[in-house]
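The points are numbered for reference.

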Amino acid sequence: METFFPLALIVLTVPLTGGLMAATPYLMPKRECFAVTVPESAHADPQIKALKSRYAYTVAALTVVFTFLAALATVPLTRASYSEADANVLIGAIALLALIPIAVSFGLMLRNRRRVMAIKRERGWHAPRQQAAALVAEGDIPGPVSLAWNLLYLPVMLFVAALGVMWYPLMPDMIPMHADFAGNVNDYSPKSPWSVSFPLIVIVFLCVTFVLCHWSMTRSKRPTNPSAPMTSALAYGLFVRAQSILLLACGLILSLTLGVAFMASAVGFITLNAAAAIICMACVPSVIGALILAVVYGQNGSRLFKHMEAAGAARTSVAAGALVSAGSGISDTDMSLMLFDDDAHWKLGIFYFNPDDASLWLPERFGIGWTMNFARPAAWAFIGGFVLLLVLFVVLCFAIT
């Protein structure tokens with residue numbers, strides 16, 4: 001039973017990632033289709049609708065097939081007689097099966113991106129002048145929760161450290177560090193303050209990662225729809241606030257669970273496999289929460305914006321005079337015209353490269369989340385710094401285990 005949850009979580013990564021990729025075209029703003037800027041009316045175009053449905057059905061069908069294969073691959077791991085090498089090969093195969101739908105969806109996105117761009121040229125969709133929107137009362141727009149909330153990680157670290165100190169006399173001379181799926185411990189580390197601090201090192205790394213993700217939300221470029229600036233800004237604000245709350249909650253739950261489970265297994269209160277199962281169960285709310293937010297809000301709050309716009313929120317925001325629009329004054333009812341077009345800055349639809357844009361972070365063009373402006377030297381400095389942090393973390397883990 002202790003191996004059920006880790007195995008189930010491994011298998012579930014396939015349908016969850018594949019399912020999210022299949023739904024991605026329907027979670028993006030209406031002015032973006034396969035990473036191409038289009039008029040808002042394009043979502044009703046028969047060719048565009050056909051491209052979306054074929055993409056979704058193809059990725060969904062592949063996901064079902066690979067989920068079945070991943071489930072079959074876990075069957076040998078439920079038996080007691082298997083080698084560690086065989087287990088590693090099977091787990092690697094399952095991980096590959098989870099990556100294949102992502103790779104296929106990316107290839108399909110690129111193909112559909114070329115087709116949408118061709119349709120765009122045929123239909124004459126264009127932006128004569130770029131339009132922008134400035135918020136007069138930006139302070140009233142929701143945003144991510146304050147970074148100060150990340151101080152909650154400190155009590156978690158102190159609590160785990162206190163458990164280590166309190167339970168240290170109860171720990172055996174050799175602390176179990178790794179076990180196979182059958183529950184047999186196959187790696188130990190001599191008891192010492194250094195080895196007992198292993199979960200703290202992992203928690204610190206997780207906390208730094210979560211804080212950096214939270215920080216990127218606070219520094220991200222705020223997308224707005226020039227035809228309904230207040231409504232789109234409100235939808236994005238609610239989206240980023242929900243994402244930041246989920247990120248903080250998941251980080252706290254995972255850090256606390258990981259620290260307590262490891263300390264309990266080090267003492268012998270539970271087995272390592274039981275600790276792994278508990279940690280996997282702690283990941284479930286994070287996964288479910290991320291999927292719910294993706295479906296409810298959409299990227300940048302696009303689905304929320306759609307409901308608000310349908311309820312007349314756009315007309316209310318404009319009438320309130322809460323924003324100032326700058327541009328050509330083009331009517332949004334013109335089916336061939338767009339208020340802006342920045343396709344030239346998106347390489348392969350996912351890499352943003354614009355040296356004239358001061359923003360370092362901005363929302364992704366195809367997917368849920370954020371990406372960087374790779375034309376900024378700060379982006380590469382950030383990547384390099386995180387790689388160094390990751391290398392340091394791996395070195396410390398190997399030094400302890």
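1. The lining of the largest pocket divides into 24 nonpolar, nine polar and one charged residue; Ala, Val, Leu, Ile, Met, Phe, Trp, Tyr, Cys and Pro count as nonpolar, Asp, Glu, Lys and Arg as charged, and the others, Gly among them, as polar. The model is predicted: local features need pLDDT of at least 70 and side-chain atom pairs pLDDT 80 or more, while totals for chains, interfaces and linings use all residues. Residues are numbered from 1 along each chain as its sequence is written, and side-chain values use heavy atoms, without hydrogens and water.

2. Of the 34 lining residues, Leu20, Gln243, Leu247, Ala290 and Ile368 lie nearest the centre of the pocket. Helix H1 gives the largest share of the lining, eight residues. Helices here are DSSP runs of H or I with at least four residues, numbered from the N terminus.

3. The rings of Phe198 and Phe262 form a tilted pair, with centres 5.4 Å apart and planes at 55°. Rings of Phe, Tyr and Trp (its six-membered ring) pair if their centres lie within 6.5 Å; planes under 30 degrees apart count as stacked, over 60 as edge-to-face and the rest as tilted. Phe198 belongs to helix H6 and Phe262 to helix H7, so the pair ties together parts 64 residues apart in sequence. Both Phe198 and Phe262 are buried (under 20% relative accessible area; exposed is over 50%, partly exposed in between; 1.4 Å probe, protein chains only).

4. Phe205 and Phe386 also form a tilted pair, at 6.3 Å centre to centre and 35° between the planes. Phe205 is buried at 13%, whereas Phe386 is partly exposed at 27%.

Notes
On a 1 Å grid over the protein atoms alone, a cavity is a set of points where a 1.4 Å probe fits but cannot get out, and a pocket is an open set with protein on both sides within 12 Å along at least five of seven lines; lining residues have an atom within 4 Å of a point. Helices (H or I, at least four residues) and strands (E, at least two) are DSSP runs, numbered from the N terminus.
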